[in-house]
Amino acid sequence: MTRFLSQIDLGQFPSPFALEEIHDYLDSLSAGDRAAKAAVDIALHDLIGKIMGQPWYKIWGLNRDKCPCTSFTIGIDTEEIVRQKVEEASPYRVLKVKMGLDKDKETVEVIRQMTDVPICVDANQGWTSKEQALEMCHWLAERNCLFVEQPLAIDRHDDTAWLRDRSPLPIIADESLQRIGDVRRISEAFDGINIKLMKSTGMHEAYKMAILARALGMKVMIGCMTETSCAVSAAAQLSPLADYADLDGNLLIANDRFDGMHIVDGKITLPDTPGIGVTLL
């Protein structure tokens, strides 16, 4: 990442508003390095917002009152740790359950012993057949599940399309989706997409991905990696466009250097400050 960033010369551009040209230039330097490109993109958006004196949700014409609740992730772990995580997640209105091992149902049963809040499931490509995935979708639909994320491997496109046509739950793409060029292709097999800034090269392309997905009749989810409040707050500026959000990455680290968007009663709350809405602690 540092090697890629050291190659960049933004002095050739007349202003930070030249986002299309800048992104074309960044892509000309490397086909990958998406997280590094996202770092540049987020910094540019923060600068542009501060020049304009507006937060990005306003620049995009979005209503922050429409921010969704974020899920809180319950990882694959022992029953004791799962119970501990569910207790810690009591302020949240949606739980995200990681799956893909042989104790998927047991994990959900433990959670359901403790709470009836809606869950969403991320199988991380872990289910081995379309028949198993369909059986799990029906089972989860009876247990207040909202959707299933990436149930099958990325090379199982036709099987995912088969599943989507039969599933009682929406099927959301994660690993099958990287950048905007993937959106139309995967619309044949998925009901929605999970957009992550570290994959999309930042806010500029993420916004276009969300608009395209909406035009194709797909659901939109805004997600994250394990990130600081800088990246999570940047992603949160898009959240009024989303049906679902999974923006808890900043809650999973102990060395967050930023203060930005907050979760209040489980709901994403955006500050009314210019740029991406963060301050350095």
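Ile-51 belongs to helix α3, which spans residues 34-52; helices (H or I, at least four residues) and strands (E, at least two) are DSSP runs, numbered from the N terminus. Together with Phe-17, Leu-47 and Met-52, Ile-51 makes a nonpolar surface patch of about 380 Å². Patches are made of residues with over 30% relative accessible area and no salt bridge, with like charges joined within 9 Å and nonpolar side chains (Val, Leu, Ile, Met, Phe, Trp, Tyr) within 5 Å. Accessible areas come from the Shrake-Rupley method with a 1.4 Å probe, and for residues only the protein chains shown count as cover.

The model is predicted: local features need pLDDT of at least 70 and side-chain atom pairs count only at pLDDT 80 or more, while totals for chains, interfaces and linings use all residues. Residues are numbered from 1 along each chain as its sequence is written, and side-chain values use heavy atoms, with hydrogens and water left out.

**The sheet**

Eight strands form an open sheet in the order β1-β2-β3-β4-β5-β6-β7-β8, with parallel pairing. Because β1 (71-74) and β8 (244-245) stand at the edges with a single partner strand each, one side of each is left without a neighbour in the sheet. Two strands are taken to pair if DSSP finds at least two bridges between them.

Strand β6 (residues 192-196) is mostly covered, with five of its five residues buried. Buried means under 20% relative accessible area, exposed over 50%, and partly exposed in between (1.4 Å probe, protein chains only). In a regular strand the side chains alternate between the two faces of the sheet. In β6, Gly-192, Asn-194 and Lys-196 point one way, whereas Ile-193 and Ile-195 point the other way, and all are buried.

On one side, β6 pairs in the parallel sense with strand β5 (residues 171-173) over two bridges, and Gly-192 is the bridge partner of Ile-172. β6 also pairs in the parallel sense with strand β7 (residues 219-223), here over five bridges; Ile-195 has Ile-222 in β7 as its bridge partner. Two bridges then join β7 to β8 in a parallel arrangement, where Ile-222 stands opposite Ala-245.

**Nonpolar cores**

A nonpolar core is a set of buried Ala, Val, Leu, Ile, Met, Phe, Trp, Tyr and Cys residues joined through side-chain atoms within 4.5 Å. The largest has 83 residues, and those with the most contacts inside it are Ile-42, Ile-119, Val-121, Trp-127, Leu-140, Leu-197 and Leu-247. A second, separate core of six residues includes Val-94, Phe-147, Ile-172 and Met-221.

Contact means heavy atoms within 4.5 Å. Not counting residues up to four places away in sequence, Leu-247 touches residues that include Thr-70, Ile-222, Val-232, Met-261 and Ile-268. Val-148 lies in strand β4 and is buried, at a relative accessible area of 0%. Beyond its neighbours within four places in sequence, Val-148 is in contact with residues including Val-121, Trp-127, Leu-140 and Ile-172.

**Loop residues with positive phi**

Gln-125, in the loop between β3 (119-122) and α7 (130-141), has a phi near 65 degrees, a positive value in a residue other than glycine. Gln-125 counts as partly exposed at 28% relative accessibility. Gln-150, in the loop between β4 (145-149) and α8 (157-166), has a phi near 40 degrees, likewise a positive value in a residue other than glycine. Gln-150 is buried, with a relative accessible area of 0%.

**Salt bridges**

A salt bridge is a side-chain nitrogen of Lys or Arg within 4 Å of a carboxyl oxygen of Asp or Glu. By this rule the count comes to 22.

| Pair | N to O distance |
|---|---|
| Glu-20 and Lys-208 | 3.1 Å |
| Asp-246 and Lys-96 | 2.8 Å |
| Lys-98 and Asp-122 | 3.0 Å |

The pair of Glu-20 in helix α2 (residues 19-29) and Lys-208 in helix α11 (residues 203-215) links parts of the chain 188 residues apart. Glu-20 is partly exposed at 41%, and Lys-208 is partly exposed at 31%.

Asp-246 lies in the loop between β8 and β9 (258-259) and Lys-96 in strand β2 (residues 94-98), so this pair ties together parts that are 150 residues apart in sequence. Asp-246 is buried at 4%, and Lys-96 is buried at 3%.

Lys-98 in strand β2 and Asp-122 in strand β3 are 24 residues apart. Lys-98 counts as partly exposed at 24%, whereas Asp-122 is buried at 1%. Lys-96, Lys-98, Asp-122, Glu-149 and Asp-246 are linked in a network of salt bridges.
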